[in-house]
Amino acid sequence: MTAKIISGTETAKAIREELKAEVEELKAKHNVVPGLVTILVGEDPASQSYVAAKNKTAHALGIHSEQITLPADTGEKELLDLVEKYNSDPKIHGILVQLPLPKHIDEGKVLFAIDPDKDVDGFHPVNVGKMMVGEQCFLPCTPHGVLELIQRSGTETSGAEVVVVGRSNIVGKPVANLMLQKREGGNATVTLCHTRTKDMDFHTKRADILIVAAGVPNMIKADQVKEGVVVIDVGVNRIGMSDSGKAILAGDVDFESVKEKAAAITPVPGGVGPMTITMLMKNTVQSARQHAGLA
Ligand code: NAP
């Protein structure tokens with residue numbers, strides 16, 4: 001069997017078209033322009049490119065976006081004051097503080113300072129708690145993207161054995177939580193694996209849906225999965241440089257071998273990656289609706 005490719009690029013494109021139409025309608029019918037601010041502290045090149053991509057996408061969808069870049073030695077108080085300013089700015093519906101922050105700033109304190117109603121990254125404990133109990137909230141972008149990919153590829157989750165490799169707060173744990181919620185797109189039986197898992201192959205071989213977010217290039221091989229599995233590879237690992245100076249990326253799944261056994265699989269790049277920014281835009285539009293009393 002050669003797997004169907006679940007294209008994040010194509011799925012993200014379709015969702016962005018839907019969002020663009022929604023933004024136009026919000027403007028035309030309600031005079032509402034969704035607004036996003038991104039705040040970057042320091043000059044980490046990867047963070048700079050993520051933030052630039054977020055602003056570019058926002059602009060392309062007609063979302064008002066402000067890009068704030070602060071020097072690496074910015075004090076915690078200064079950053080908290082800036083967050084506070086945007087908490088009360090009516091033009092802004094989404095606040096994104098790019099992580100990681102420099103070591104002298106308490107990340108938890110900054111995330112906690114963001115108004116939960118503008119927390120479009122879905123990292124505020126209020127939103128994490130609401131997600132946990134299945135209440136309407138801003139879902140964290142990468143797990144939300146995984147969920148959309150699974151649903152839009154027509155994969156049935158109800159009753160499925162879902163195995164998640166990785167238990168980080170930003171991917172593994174929330175993905176596992178979303179998969180077991182009692183609603184459409186959930187209702188799975190979920191197993192969460194990590195570095196202390198005793199026999200990982202035992203679990204991965206049982207998976208109907210295997211979601212891998214470990215950060216280890218090409219870790220999952222064909223002999224660790226069953227025939228017909230649906231594989232979502234969240235991993236993004238830089239494994240080298242091309243002659244033209246572009247990073248060569250690999251996922252956490254050995255795509256070439258696993259695609260011969262899987263029913264469907266996401267590629268890297270072009271899988272979960274494009275979905276993450278798209279879900280940030282979706283959350284921003286949702287926030288604008290909520291602030292305007294339209295949701
Ligand atoms: P992380 O915080 O480093 O967490 C990695 C998790 O994987 C940990 O729970 C770790 O277990 C587990 N793990 C690592 N090696 C393992 C192994 N050999 N066997 C079993 N479990 C193992 O990473 P993350 O932030 O969740 O990111 C994971 C990957 O997803 C990275 O490649 C990252 O670049 C990518 N990512 C992509 C996107 C996107 O938009 N596409 C977004 C976020 C992250 P322990 O807890 O026991 O240490």
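This report describes the sheets, selected helices and residues, and the ligand surroundings of a predicted model.

## The six-stranded sheet

Six strands form an open sheet in the order β1-β11-β8-β7-β5-β6, and their pairing is parallel. The edge positions belong to β1 (4-5) and β6 (189-193), each of which has a single partner strand, so one side of each is left without a neighbour in the sheet.

Within this sheet, strand β8 (residues 230-233) is covered on both faces, with Val230 and Ile232 buried on one side and Val231 and Asp233 buried on the other. Strand β7 (residues 209-212) runs parallel to β8 and is joined to β8 by four bridges; among the paired residues, Ile209 has Val230 as its bridge partner, and Ile211 has Ile232. β8 also pairs in the parallel sense with strand β11 (residues 264-265), over two bridges, and here Val231 stands opposite Ile265.

Helix α7 (residues 172-180) lies across β5, β6 and β7, and runs at about 170° to β6. Asn187 counts as partly exposed, because its relative accessibility is 33%.

## The three-stranded sheet

A further open sheet consists of three strands in the order β3-β2-β4, again with parallel pairing. Its edge strands are β3 (64-70) and β4 (94-97), each of which pairs on one side only, and neighbouring strands of this sheet are turned by 15° against each other on average, direction ignored.

Helix α2 (residues 45-60) lies across β2, β3 and β4, running at about 170° to β2. In the loop between α1 (8-30) and β2 lies Asn31, which is not a glycine and yet has a positive phi of about 60°. With a relative accessibility of 69%, Asn31 counts as exposed.

Just after the helix, Gly293 takes a positive phi of about 70°.

Met279 has its place in α10 and is buried, with a relative accessible area of 0%. Leaving out residues up to four places away in sequence, Met279 touches Ile15, Cys141, His144, Gly145 and Glu148. The C-alpha atom of Met279 is separated by 9.9 Å from that of Val146, although the two residues are 133 residues apart along the chain.

## Surroundings of the ligand

The ligand is surrounded by 22 residues, of which the closest are Arg167, Ser168, Thr195, Val236 and Thr276. A polar side-chain atom of Arg167 lies 2.7 Å from an oxygen atom of the ligand, and a polar side-chain atom of Asn237 lies 3.5 Å from a ligand oxygen atom. In the case of Val234, a backbone N or O atom lies 3.5 Å from an oxygen atom of the ligand.

## Loop features

Ser153 is placed in the loop between α6 (141-152) and β5 (161-165). Because its relative accessibility is 15%, and buried means under 20%, Ser153 counts as buried. The side chain of Ser153 reaches the backbone oxygen of Ile150 at 2.9 Å, and, once neighbours within four places in sequence are set aside, Ser153 is in contact with Lys4 and Ile6.

A cis peptide bond, with omega of about 0°, joins Leu99 and Pro100, and Pro100 has its place in the loop between β4 and α4 (107-113). Val268 and Pro269 are likewise joined by a cis peptide bond, with omega of about 0°; in this case Pro269 belongs to the loop between β11 and α10.

Note on methods
Residues are numbered from 1 along each chain as its sequence is written. This is a predicted model: local features need pLDDT of at least 70, side-chain atom pairs count only at pLDDT 80 or more; totals for chains, interfaces and linings use all residues. Side-chain values use heavy atoms; hydrogens and water are left out. Buried means under 20% relative accessible area, exposed over 50%, partly exposed in between (1.4 Å probe, protein chains only). Two strands pair if DSSP finds at least two bridges between them. Axes are lines fitted to C-alpha atoms, for helices over the stretch in contact, and angles run from 0 to 180 degrees between N-to-C directions. Contact means heavy atoms within 4.5 Å. A residue is near a molecule or strand if one of its heavy atoms lies within 4 Å of it. A polar contact is a pair of N or O atoms within 3.5 Å; within protein, one must be able to donate a hydrogen and the other to accept it, and residues adjacent in sequence count only if both atoms are side-chain atoms.
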